[in-house]
Amino acid sequence: MSESKIVKLVDESTNRSSELPLLSGTLGPACIDIGTLYKDTGHFTYDPGYGSTASTKSAITYIDGDKGVLLYRGYPIEQLAEKSTFLETSYLLLNGELPTKDQFSKFEHDITHHTMMHESLKDFFKGFHHDAHPMAMLAASVASLSAFYHDDIDVDDADDRKLAAIRLIAKMPTIAAACYRYSIGWPFRYPRNNLEYVDRFLHMMFEVPSEPLELSPVAAKALDLLFILHADHEQNASTSTVRLVGSTGANPYASIAAGITALWGPAHGGANEAVLEMLQEIGSADKVETAVKRAKDKNDNFRLMGFGHRVYKNFDPRAKIIREMTHKVLGELGVNDPLLEVAMKLEEAALKDDYFVERKLYPNVDFYSGIIYKALGIPTEMFTVMFAIARTAGWIAHWIEQHETPGARIGRPRQIYTGADVRDYVAADKR
Ligand code: ACO
C-alpha cells in the first residue's frame, strides 16, 4: 500500500481545511483517507449505501466491476473454477497462498475431524416448528455454537482464531443438512469422514436409512464449483456485517451468524431463492416480455431478481461461468428443466432492452445458480443456505484478517440527524 498525493479540502465558510492523503492499494482506484476530516474541519462525510466508501484495507479478494474481474488472493476466479476445489480455495482465502500437498492434507484432515455437531445441538432443533425456514435455523444454530465453544476462544490468539475457522468451515455443511432434514422429518445423518467435503454434504442431505445413496460425481463437481464461486466477494453486505460485529470483539460464531442473517435478504444472497420463485411465477418463455415490462415500471416494485449488482457494471464473471455450467450439468444429469428456457429468454430480453443496458444491469451470480441447485435436488428454501456454506470461508477469512490488522477500531458510523431540535418535556395533561 502506498500513500501518494494529498487532497486538500477547504471549508470556505470557516476557512478550516484538511489535507487528506490519497491511499493506493495493489489494484483498483485510490482512496481519499478522510480519517482526520472531522478533527480538521468539523464535518463528517455522507455516503448512504457506501457507494464511494472503502471500509477497510484487505488483501483477500479484488473486484474490478467495470471489467468483470474477480480475483481471490490474486488468482482469477476462472482459473480457480477450472482447477481448484472448494476446500483448496478455502485454504487460499484463509492463508493467502495455495497449499502445498502436505499443507492441504493437514488442512483437509483438520476440517474432516471437526465435522460433527455437538449432540446437544441436535436437541436445539426440536424447538423449531417443522416449517421454519432453513436460514432461520442455520443462523440460530451457528449463533448457538457460541454457547458450545465461546469459553475456549480467545479472539486475540492466532491458534484459537484458526481453530474457529476450521470448526466453522467443517460444521457448516453438517448443520445445513440438519436444517433440511429437520424440515422434512428425516433423522439427522452423521458426517462420513471417508467422503470428501462436498460428497459428505450431499450424503448428509440425501441419504435415507432405508436404501444406499449413489453419489453422483457430476452433482458433486457442480456443487463444488458453485461453492468456489460463492466463497468470497470482498466487502459485500454480509461480509461487512461480519466485520462490523467482529470489530466489537464478538466471538467468531456470533460474527458469522450475523453474516448469515445479512445474507438472507433478497437484495443479497436471498436472491437465488427469489430468482427461482420469479422464474416459476413467469412460468413460460412467452410471458417474459410482460415480466421485463413490469421490472421497468417504477410504479411496480417487481425487480428482475438475479439482475444488477452494486459493483459489477459488466457481466458478473461468476454468472458467466455458472451460465455455461448450467447447460452442461443439466445435460449430464439428463434434466430437462423448462425454467432454463425462461431464464435464457429473460436474459436475452433484458440484455437488449435500453432500460437494462443504460443502467448496466447484467445477470449476477444468483441468476442461474438456482437452476443448478434445483437439478441437484436441493429444495428452493435451501438455496441461500448453500450460499452460506460457501461464503463461510470468505467471512471467516475476513474476520481473521480484521483481527490480524494492528490498530483496528470498533466500527461506528455517524449520521446526519434529521429529528426534532432540542425541546422541553411537556407534561401529559398539556400535550
Ligand atoms: N430489476 C429492475 N431494475 C433494477 C434492478 C433489477 N434487478 N436492479 C437495479 N435496477 C434499477 C433501479 O431501479 C435503479 O433505477 P433508477 O436509476 O431508474 O432509479 C438502477 O437500476 C440502479 O439500481 P440500485 O438499486 O440503485 O442499485 P444498487 O447498487 O443499490 O443495488 C442490487 C444493487 C441490490 C443488487 C439491485 O440491482 C437488485 O435489487 N437486484 C435484484 C436482487 C439481486 O439479484 N440481488 C443479488 C445481488 S448479488 C449478491 O448479493 C450475491
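## Thr-41 and helix α1

Thr-41 is part of helix α1, which covers residues 37–41. Helices (H or I, at least four residues) and strands (E, at least two) are DSSP runs, numbered from the N terminus. The model is predicted: local features need pLDDT of at least 70, side-chain atom pairs count only at pLDDT 80 or more, and totals for chains, interfaces and linings use all residues. Residues are numbered from 1 along each chain as its sequence is written, and side-chain values use heavy atoms, with hydrogens and water left out.

With a relative accessible area of 3%, Thr-41 is buried; buried means under 20% relative accessible area, exposed over 50%, and partly exposed in between (1.4 Å probe, protein chains only). The side chain of Thr-41 reaches the backbone oxygen of Leu-37 at 2.8 Å, and a polar atom of that side chain lies 3.1 Å from the backbone nitrogen of His-43. A polar contact is a pair of N or O atoms within 3.5 Å; within protein, one must be able to donate a hydrogen and the other to accept it, and residues adjacent in sequence count only if both atoms are side-chain atoms. Not counting residues up to four places away in sequence, Thr-41 touches Arg-16, Ser-17 and Ser-18, where contact means heavy atoms within 4.5 Å.

## Strand pairing

Strands β2 (residues 16–24) and β3 (residues 31–32) pair in the antiparallel sense over two bridges; two strands pair if DSSP finds at least two bridges between them. Leu-23 has Cys-31 in β3 as its bridge partner. Six residues separate β2 and β3 in a hairpin, and Gly-28 in the turn has a positive phi of about 95°.

An open sheet is formed by three strands in the order β4-β5-β6, with antiparallel pairing. Its edge strands are β4 (61–64) and β6 (75–76), each pairing on one side only. Strand β5 (residues 69–72) is joined to β6 by two bridges, and Tyr-72 has Tyr-75 in β6 as its bridge partner.

## Helix α4

The twelve residues of helix α4 (residues 101–112) should span 16 Å at 1.5 Å a residue, and the end C-alpha atoms are 16 Å apart, which agrees. The expected span is 1.5 Å times one less than the number of residues. Phe-104, Phe-107, Ile-111 and Thr-112 are buried in α4. Seen down the axis of α4, the buried residues fall within an arc of 130°, so they line one face of the helix; the arc is that of the directions from the helix axis to the C-beta atoms.

Asp-102 and Lys-106, on the other side of α4, are exposed. The buried residues of α4 pack against α3 (86–95), α7 (158–184) and α8 (197–206).

## Tyr-190

The loop between α7 and α8 holds Tyr-190, which is partly exposed with a relative accessible area of 43%. Leaving aside neighbours within four places in sequence, Tyr-190 is in contact with Met-116, Glu-119, Lys-122 and Met-204. The side chains of Tyr-190 and Glu-119 make a polar contact at 2.8 Å.

## Nonpolar core

The largest nonpolar core has 121 residues, and those with the most contacts inside it are Phe-125, Leu-138, Val-142, Leu-223, Leu-346 and Ile-378. Helix α7 supplies the largest share of this core, 14 residues. A nonpolar core is a set of buried Ala, Val, Leu, Ile, Met, Phe, Trp, Tyr and Cys residues joined through side-chain atoms within 4.5 Å.

Apart from neighbours within four places in sequence, Ile-378 is in contact with Met-205, Phe-206, Leu-223, Tyr-373, Phe-383 and Met-386.

## Helix α15

For the 14 residues of helix α15 (residues 338–351), 1.5 Å a residue gives a span of 20 Å, in agreement with end C-alpha atoms 20 Å apart. Buried residues of α15 are Leu-339, Leu-340, Val-342, Ala-343, Leu-346, Glu-347 and Ala-350. Down the axis of α15 they fall within an arc of 160°, so they line one face of the helix.

These buried residues pack against α12 (271–282), α13 (288–296), α14 (317–333), α16 (354–358) and α17 (366–375). At the N-terminal end, Asp-337 caps α15, with a side-chain oxygen 2.8 Å from the backbone nitrogen of Leu-339.

## Positive phi outside glycine

Tyr-50 is not a glycine, yet has a positive phi of about 55°. Tyr-50 sits in the loop between α1 and β4 and is exposed, with a relative accessible area of 56%.

Lys-360 also is a residue other than glycine with a positive phi, near 55°. Lys-360 is found in the loop between α16 and α17 and is partly exposed, with a relative accessible area of 43%.
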